[in-house]
Number of protein chains: 2
Amino acid sequence: MSSTISPLAPKTIPDMPVIAGVRLATAAAGIRYPDRTDVMLAVFDEGTSVAGVFTRSKCPSAPVEWCRARLKGARARALVVNSGNANAFTGKNGREACAFTAKIAAAAVGCKIAEVFLASTGVIGEPLPAQAFDGVLPRLAIEATANGYTDAAAAIMTTDTFPKLATARARLAGTEVTINGFAKGAGMIAPDMATMLAFVFTDAPIAAPALQTLLREGVTDTFNAVTIDGDTSTSDTLLAFATGAARAPRIARAHDPRLTPFRKALNSVLADLSEQVARDGEGARKLVEITVEGAVSKASARRIALSIANSPLVKTAIAGEDANWGRVVMAVGKAGEPADRDRLSIWFGGIRVAHKGARDPAYDEAAVSAAMQKPEIALKVALGLGKGHDRVLTCDLTKEYVAINGDYRS
Amino acid sequence: MSSTISPLAPKTIPDMPVIAGVRLATAAAGIRYPDRTDVMLAVFDEGTSVAGVFTRSKCPSAPVEWCRARLKGARARALVVNSGNANAFTGKNGREACAFTAKIAAAAVGCKIAEVFLASTGVIGEPLPAQAFDGVLPRLAIEATANGYTDAAAAIMTTDTFPKLATARARLAGTEVTINGFAKGAGMIAPDMATMLAFVFTDAPIAAPALQTLLREGVTDTFNAVTIDGDTSTSDTLLAFATGAARAPRIARAHDPRLTPFRKALNSVLADLSEQVARDGEGARKLVEITVEGAVSKASARRIALSIANSPLVKTAIAGEDANWGRVVMAVGKAGEPADRDRLSIWFGGIRVAHKGARDPAYDEAAVSAAMQKPEIALKVALGLGKGHDRVLTCDLTKEYVAINGDYRS
């Protein structure tokens, strides 16, 4: 955990309302870090639905495999998350650690083992000392409180410099429902120390298949549109839990029109959390919003935006406050998507610096320079080919990133 | 141009033999840099064949488009290369600068405009002041000498810290022939300052279509197997010129068995030059050879090796002398290729650190630590799935890389 809070951190942490049917608690189990909490337990009332989306890695962690298998049951009563050890690439030991953790959590909460969900973040390839949870989880199940969100968000941090929380309310068929969420970054993904984990909780009564669809659709323009360094964790996990405690009619279908306000609120929570992950990218000093328009399709715009967002040369230029649109052209060119060099236009901070295949003769170097010094940088590319557009968030690539990732273990 | 020579630079620069039919000269045209040469002219005797391979960027530079069009003629009499300005993303001005440069070169050498080849490296998006060549090329055509290789290699450098030269000899149907080459890196590709350019010269009499095939096949395991930061220049160019001055029979077909020793020698020159590019990666302190075996195919092994080689997290770990095999697993997982976590084995410096899905219990931390302190790091991954194997070269990612690319223009 870094001692310096990211300069891009939100100015305030939201007040988190309670959600009927959700209780949380944290403890210091001593997995890796001294003098800090590193395990959190969430306990859910009976009847809670669950949905999840996970890393696309072909080498996922043991907890990811555990959760994927448990989603078939559609019900959750407990969530155990630890920081300090990712339980990834730990072989048979890793599967056993999951089974052991779920067993003691189930006993503590009084539920089936298959109703326990797990996530781990931290060092890869080291056995997870799950026995450390043994004395801890029974106590947490008793201590769990409806007000535990901020402590829970802090307990799951690794190289994050601030806890990431968001909340929203929506009307569901005339009843007010609440959505809370918290997440951790911060390398998207430094598997050694910065898996992306996010958890969302609501009292809305939504059946698991509908919740799954809402979540899958919701990540497209939020968590899946954020990149820090292009690396993909073995452990990325987003889980949603719906207790159904609100006195609203139970919703079975994701495209039920009564869900429209809820979907909007859920997406705002996912967008807020994912933006906070970008704001806390390892070593980040600039939040960068990349907009691509005029592409042949949205998918093409996304690939071009990610090519720009993941280019070390674009990211280092932004760290150096250099409106280096030549590198943006390079990143467009290497994306492999339809692009016509002589139709490209590029803006930094709303100022057009390149137009139709050449430097914009009208652009004011001083104005661009001032825009590049701001902590939030808008980079827009217009391709002039079609109507496809998209937006991704990233951050700059600084010497601090190299220090965090090069100096950590050595 | 950096003032400090890469610690990975070869200890000696090869003595370059002359090649009948090739003469070179350099000058300081003042394109961008004060007090150094920045343009080189190569003059070829009549009857010289030419072949070329170029960047896959969808937004190539004007000189790349110029060369691609000229290759159809199959003949070359002159090559003009400048550093300091890439003439990329310069619109109509860029095409005019090419045409103007070719015109004065053709007049100076006494050849057709279509027999002039061009390459430029340096800043993107700034108009190339091609008129600066006007007084220079006629003088260079007169001064050009058969011994100009080392000076030519120096004139095309940008962020390179050393000139890159290689030479080899081969027997062609009983006659000795010579192959010379030089190249520049060094970001593969920092389009602002580090396009990859390489030029190969031989007195072997080889027809252009056969030379083209040899070159295309030769780059697969040399230039196309080297990556610095995963970024792709708009200007990457490799050209080969065969004067035919050697008294050997003219070869028309690439798969003529008499070409076998020549092919081997050509590939050794391409391998030598491309390794030198990796040794001079921007900010590089470690040369990293990544070997993948047991993949389902060579293409799959290549994609996995490149995923590892381009991972910022793997590269920063190596910069930190950390045998962080967890990040290697991450990079294998994100490649999207068939991989079974529980069959993976990983070696650093010949020492197995992970085996069958978990840390190798036998590995000696002190021995691995000593291996990681060396300037050359061998990283091997065995997938245990099939017989596909491949090898790529890269370098580490250091704070110096960020400084070079973030501080350059600002």
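**Reading the contact between chain A and chain B**

Student: How many salt bridges are there between chain A and chain B?

Tutor: This is a predicted model, and the count between its chain A and chain B is six salt bridges. To read one, look for a side-chain nitrogen of Lys or Arg within 4 Å of a carboxyl oxygen of Asp or Glu. Here the side chains of A:Arg95 and B:Asp342 form such a pair, at 3.2 Å from N to O.

Student: Which elements give two or more residues to the side of chain A that touches chain B?

Tutor: Among them are helix 1 (62-70), helix 2 (91-109) and helix 9 (325-334) of chain A. Helix 9 gives the largest share, eight residues. By class, this side of chain A has 25 nonpolar, 21 polar and 18 charged residues.

Student: What area is buried between the two chains?

Tutor: About 5,100 Å² is buried between chain A and chain B, with 58% of it from carbon and sulfur atoms. In chain A, the residues that lose the most area to chain B are A:Phe89, A:Arg341 and A:Lys399, together 16% of what that side buries. The contact takes 64 residues from chain A and 64 residues from chain B.

Student: Is A:Cys59 buried or exposed?

Tutor: A:Cys59 counts as buried because its relative accessibility is 2%.

How values were computed
Residues are numbered from 1 along each chain as its sequence is written. Chains are lettered from A and ligands numbered from 1 in the order in which they are written. This is a predicted model: local features need pLDDT of at least 70, side-chain atom pairs count only at pLDDT 80 or more; totals for chains, interfaces and linings use all residues. Side-chain values use heavy atoms; hydrogens and water are left out. Contact means heavy atoms within 4.5 Å. Buried area is the accessible area (1.4 Å probe) that two parts lose on being put together, summed over both. Helices (H or I, at least four residues) and strands (E, at least two) are DSSP runs, numbered from the N terminus. Ala, Val, Leu, Ile, Met, Phe, Trp, Tyr, Cys and Pro count as nonpolar, Asp, Glu, Lys and Arg as charged, and the others, Gly among them, as polar. Buried means under 20% relative accessible area, exposed over 50%, partly exposed in between (1.4 Å probe, protein chains only).
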